[in-house]
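Q: Hi! Could you walk me through this one? I'd like to start with the rings.

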Amino acid sequence: SDGSTNLSAGLIKGYELAASFAKIGGLAAGADVRINGIKVGTVVGQKLDPVTFNAVLTLSIASDIKLPSDSQASIGSDGLLGDKYVKIEPGVEKTTLEAGTQLTKTKDQKALEELVGEIIFLATEDPAKPSRDSSQE
């Protein structure tokens, strides 16, 4: 075995970064790390920060992907009930994240209930605004 079987498991071996979230919404180890929908890494671990009680994820990022130090990580999902993954939005800094460091910018997973609430809010927003076709009588 030359280690190539890891590819079939979908694990990207590279350098590790940490990312801390208040809510990860059911994201599991083994989940993808993606940039613009392209898989660039794998979530290889998760633990609870004993001080902040945040979920700290360990991400293994492909060695050839050098992320700007101001990149932001968030939790995405394939559709409402699809698989969760870590989405990275690369920043613009010239300095890159070193192996073993933590992404300082993260955005928490919104709970499904919050999303549904926002959708309902948007659908009912500002009923006082006259609709365009009300002028045609």
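Q: How many aromatic pairs does a search of the whole structure find?
A: The search turns up zero aromatic pairs. For a pair, ring centres of Phe, Tyr or Trp (its six-membered ring) must lie within 6.5 Å, with planes under 30 degrees apart called stacked, over 60 edge-to-face and the rest tilted. Keep in mind that this is a predicted model, where local features need pLDDT of at least 70 and side-chain atom pairs count only at pLDDT 80 or more, while totals for chains, interfaces and linings use all residues. Residues are numbered from 1 along each chain as its sequence is written, and side-chain values use heavy atoms, with hydrogens and water left out.

Q: OK, and which residue lies over the face of Y85?
A: That's R34, at 4.0 Å from the ring centre. The test asks for NZ of Lys or CZ of Arg within 6 Å of the ring centre and within 35 degrees of the ring normal.

Q: Switching to the fold: what elements are there?
A: The protein has one helix and eight strands, running β-β-β-β-β-β-β-β-α from the N terminus. These are DSSP runs numbered from the N terminus: H or I of at least four residues for helices, E of at least two for strands.

Q: In what order do the strands sit in the sheet?
A: The order is β7-β1-β4-β3-β2-β6-β5-β8, in an open sheet with mixed pairing. β7 (102–103) and β8 (105–107) are at the edges with a single partner strand each, so one side of each has no neighbour in the sheet. Two strands count as paired if DSSP finds at least two bridges between them.

Q: What about the turns, which residue has a positive phi in the hairpin of β2 and β3?
A: N36 does, at about 50 degrees, in a hairpin with two residues between the strands. The hairpin of β3 and β4 has six residues between its strands, and there F53 takes a positive phi near 65 degrees. Most residues other than glycine have a negative phi.

Q: Are N36 and F53 buried or exposed?
A: N36 counts as exposed because its relative accessibility is 74%, and F53 counts as exposed at 58%. The cut-offs are under 20% relative accessible area for buried, over 50% for exposed, and partly exposed in between, with a 1.4 Å probe and protein chains only.

Q: Now the inside: which residues touch the most other members of the largest nonpolar core?
A: L27, V33, V43, L57, L59, V86 and I88, out of 22 residues in that core. β1 (14–21), β2, β3, β4, β5 (72–77) and β6 (84–89) each supply at least two of the core residues. A core here is a set of buried Ala, Val, Leu, Ile, Met, Phe, Trp, Tyr and Cys residues joined through side-chain atoms within 4.5 Å.

Q: Take L57, then. What is L57 in contact with, leaving aside neighbours within four places in sequence?
A: Its contacts (heavy atoms within 4.5 Å) include L17, F21, I24, L27, V43, I75 and V86.

Q: Last one: what share of the residues is buried?
A: Buried residues are 31% of the 137 in the protein.
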